[in-house]
Amino acid sequence: MAELSQVVGELISRNGGLLIGVLEDVQDRYSYLSEDALREVSKRLRIPLRDVYGVATFYRAFKLKPCGKYLINVCLGTACHVRRATGVLETIRRELNVEVGETTEDMKFTLETVNCLGACALGPIMVVGGKYYGQMTPQKVKKVLKEYA
Amino acid sequence: MNIGEFEGLARGLIERREAAKNVCITVCSGTGCRACGGEEVVRAFAAELENLGLTGTVELRDTGCHGFCERGPIVVILPEGIFYQRVTVDAVPEIIEQTVRHGKLIERLLYEDPQSKEKVVYEKDVPFYKRQHRLVLANNLLIDPTSIEDYISIGGYQSLVKALAMQPEEIIEIIKRSGLRGRGGAGFPTGRKWEHCRRAKGTIKYVICNGDEGDPGAYMDRSVMEGNPHSVIEGMIIGAYAIGANEGWIYVRNEYPLAVKHLTRAVEQARELGILAGSVLGLDFPFDVRIAKGAGAFVCGEGTALIASIEGKIGVPRQRPPRTTQQGLFGKPTNMNNVETWANVPLIIDKGAEWFSSIGTETSKGTKIFSLVGKVQNTGLVEVPMGATLAQIVYDIGGGAPNGRDVKAIQIGGPSGGCLPKELFYLPIDYDSLVEAGAMMGSGGLIVMDEDTCMVDVARYFSNFLQEESCGKCVTCREGTQRMYEILTDITEGRGKEEDLDLLEELGATVRDASLCGLGQTAPNPVLSTMRYFRGEYLAHITEKRCPAGVCRALTAYRIDPDRCTGCMLCKKQCPQQAIEGERKKPHTIVQDACIRCRICFDVCKVGAVMKTGVEVVHA
Amino acid sequence: MPNVEIDGISFDAPEGWTILEAARFLGLNIPTLCYREGLTHWGGCRLCIVEIRIGDRTKFVTSCTCPVEEDLVVRTATPRVVEMRKMILELLIAQCPTSKVLQDMAASVGLEKVRFKPKWEQCIFCGLCVRMCDEQMMAKAIGFVNRGNRLQITTPFDATSDECRRCGGCIYICPACTLRCEGAAPAEVLCGRCANSLQPTCLEDYENFSCWMGLKGECGTCVKPVHEDKQEENS
């Protein structure tokens, strides 16, 4: 707990007290926002817990549950949708047996969707652990996932 | 640094650049090119140049987004401007050996015009670029966005110096006369907004750059923030000086990490040179910029929600009046403009209001950057004068739809916009001319759709997007978007009724007129515009239980015509769900339960044996 | 004192008043739901919308949040405004048919049919409970969580709150909790019996017509919205 308190303190100064910046850095550090972390941020910034929790749940970037080893982000922007990104998402869901927003049982993959990464020429796009895979089709999914077996 | 010292530095950098005769290899390092191997290409060049001992004589430069994203990674060899596209790592040694050392061209890397089959050598001659009128994006190709020296060497911050010698009211007059209007979509006259903010009571004022480009499919602002961050900063300093603000904020959505990185670096460099300081370039004018990141909320593109977000609150809009120019960030008068708007300011100060207003139409001046994506050959960023027609952009620059398909419609303006059928492509794009047709220019996203796109599915897609992005405060938006999604889902799954169309019209009208903010007020646009122009598709879904484009899974089945099938097993091998059965040389069949309608079999069959058909009435 | 014209009546309104305050002062009836004197205005239910004209432009605004200004012309019940109020109530009733407050308002605007599938939810997100807890009790124990179609009102982590003083203010002020309508049936979601004096109201059919603190929130509706069809268990 002392470690958490120290880390939060540092991140608060680094972000000039901006709540969203602080939460983003806390999440980067611990891979998600735990109840303890949110309570600590509320205490240190003197913002009511209700408000911190409201912010943490309002914005999509924040995860309140532990994340898997690899975060899979499938772009569902309009350009990708028109190029049939839903087929790609469907295939990933079936292959990994996981719903959007959830993590696989073995904690290896967390599946999320995002509403446009701004790389539309390469659509449909799938990002795994920060690595971009463009021009995805349902066929290519298995091959990509095998890279992380 | 004061103005005199800055001028000295600038002169030196400009002269050095103009005198430079050595070869410069520029590699596009926008997110798009990086995502398809651009980073590896840069590293390969650096390594190879080092190996050959050429690091001193040949320059290697990462540049901002060139915009022709379909052809990335893009490499342009200066000073001639030789344009190589789809460059891979193994082509790197060849490029250095052939082109850099011996001035020989590598044919296979040159752009080939799809119609004439002619090869094009220079970037300026590539039809995609030639037919554009690049002002804001022009400099992306020339500079390394992480180097303030590069920016200064092409004349950067000269407009700031010019502006600081004028009176604030003079600057506002120039912006007013230029006719610049907000590029974020609403199109409010920028000069007038600056004037309102200047006249507002109070000594503490803010300027904000809205970099929360949330429209899916739009990435113009990303390219400017990543590729030329100083142009935005320069615009903001000029604006702040004119308005009387001493602090600026740039709000960037967190899905753009490279933009955040480059802007942060640019701000640091500007501080080092005293361009952002307690006394900007030595004058009695303090100004600094802070960067705030978004956290994944489309609604934060709306002004009051964005401000709430910076203040650490949930992004819930508030009603106006009072306007943000009276009461904005932390309750103080605030001037918020879009990225592209700010980037236009230095150009206007440099070349004058008359020059700017000579481009474009009567009511919409200057150029506009569009992101042309979807079912189009030449995907990328297109900058054209206001008033260019949709046809010019989609066909002349975009090259139409790929694979010989017919373009059917264009979606313009993101989730706030509408769909226009190809029959209306003669319409010019500007702030006002599309409104009567039921669409709006919006922030510049243009999504091309072909005959394989289902317009009802598009409307459903947008309703789903909006029901999730709605902040939930007002009943009409929160419940309205959910109900629109519900009705459209029923229609796409075979449960549609004739009355649904009237209900959608009535609901849409109330959501539009009674909602609190722009998100709700424009939420019905995708539905209403597709119903207006593609009513036939809606009726097919409702009365015939058929999806003409073959997209809605409940209303489409793929079947193999046994008379046409040659039993080649190609579709069977390609099917990702192993849903096709059949032996070699015998007709194949598709197992309907396993089929996910991905269409791969339809696409790969060489004899056209796979057909799209309707289904019997389906109930959930 | 800005001069405004509301429904044809010219009036010098005190500076800082909203259109709603001015209209009520003049005796005009604008329906409200999420507005309560003593709490800050919210502008979420949209029922108090009116049509305003400034110069030559007209638009619709919520009267509870819009301050009066010079030369403002207001119409509180144009046909379009009434039409929109009906649609708003249609959406609200489809969300929560068991609120007597909503049923009575629906009957008063003449709503005849609800064309959306009823959700049988218990919360309409008017935010009165949140503002009550913030401003009258200074507790800030409950708040909005998530957004859009996943919006909720609850305590942080759905956990029993240290800040909550069990005052019951949130239950008291809630338009869905305070008076239940038992008359909404799955087939015909509109009740309207209270508004029609000739019909027997549910008071005659049911003994429990409001939520009692005695239940100590065990039904769960005060803390979390319930999504199943809870027709039988509505009190």
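A crossing of two helices is called right-handed if the near helix is turned clockwise from the far one by less than a right angle, and left-handed if the turn is anticlockwise. With this term in hand, the reader may begin with chain A of this predicted model, where helix α6(A) passes helix α7(A) in a right-handed crossing.

Two packed helices are described by the angle between their axes and the distance between the axes. For α6 (residues 85-96) and α7 (residues 138-146) of chain A, the angle is about 45° and the axes are 8 Å apart. Angles from 65 to 115 degrees count as roughly perpendicular, those under 35 as roughly parallel, those over 145 as roughly antiparallel, and the rest as oblique; α6(A) and α7(A) are therefore oblique to each other. On the side of α6(A), the residues that meet the partner helix are G87(A), V88(A), T91(A), I92(A) and E95(A). Helix α7(A) contributes P138(A), V141(A), K142(A) and L145(A). Sorted by class, this contact comprises five nonpolar, two polar and two charged residues.

Helix α1 (residues 2-14) of chain A packs with helix α2 (residues 19-30) of chain A at an angle of about 135°, and their axes lie 9 Å apart. These two helices are therefore also oblique to each other, and α1(A) passes α2(A) in a right-handed crossing. The contact is formed by V7(A), V8(A), L11(A), I12(A) and R14(A) from α1(A), together with V22(A), D25(A), V26(A) and R29(A) from α2(A). Six of the residues in this contact are nonpolar and three are charged, while none is polar.

From pairs of helices, the account now turns to a whole chain. The domain assignment divides chain B into domain 1 (16-126), domain 2 (148-357), domain 3 (367-453), domain 4 (456-544) and domain 5 (556-613). Between the C-alpha centres of domain 1 and domain 4 of chain B, the distance is 47 Å.

The last step concerns the meeting of two chains. Chain B and chain C each bring 25 residues to their contact. On the side of chain B that touches chain C, at least two residues come from each of the helices α17 (455-469), α18 (475-492) and α19 (499-514) of chain B. Helix α18(B) provides the largest share of this side, with seven residues. By class, the side of chain B that touches chain C consists of nine nonpolar, eight polar and eight charged residues.

Definitions and conventions. Residues are numbered from 1 along each chain as its sequence is written. Chains are lettered from A and ligands numbered from 1 in the order in which they are written. This is a predicted model: local features need pLDDT of at least 70, side-chain atom pairs count only at pLDDT 80 or more; totals for chains, interfaces and linings use all residues. Axes are lines fitted to C-alpha atoms, for helices over the stretch in contact, and angles run from 0 to 180 degrees between N-to-C directions. Helices (H or I, at least four residues) and strands (E, at least two) are DSSP runs, numbered from the N terminus. Two residues are in contact if their C-beta atoms, placed from the backbone, lie within 7 Å. Ala, Val, Leu, Ile, Met, Phe, Trp, Tyr, Cys and Pro count as nonpolar, Asp, Glu, Lys and Arg as charged, and the others, Gly among them, as polar. Domain bounds come from an automatic or database domain assignment.
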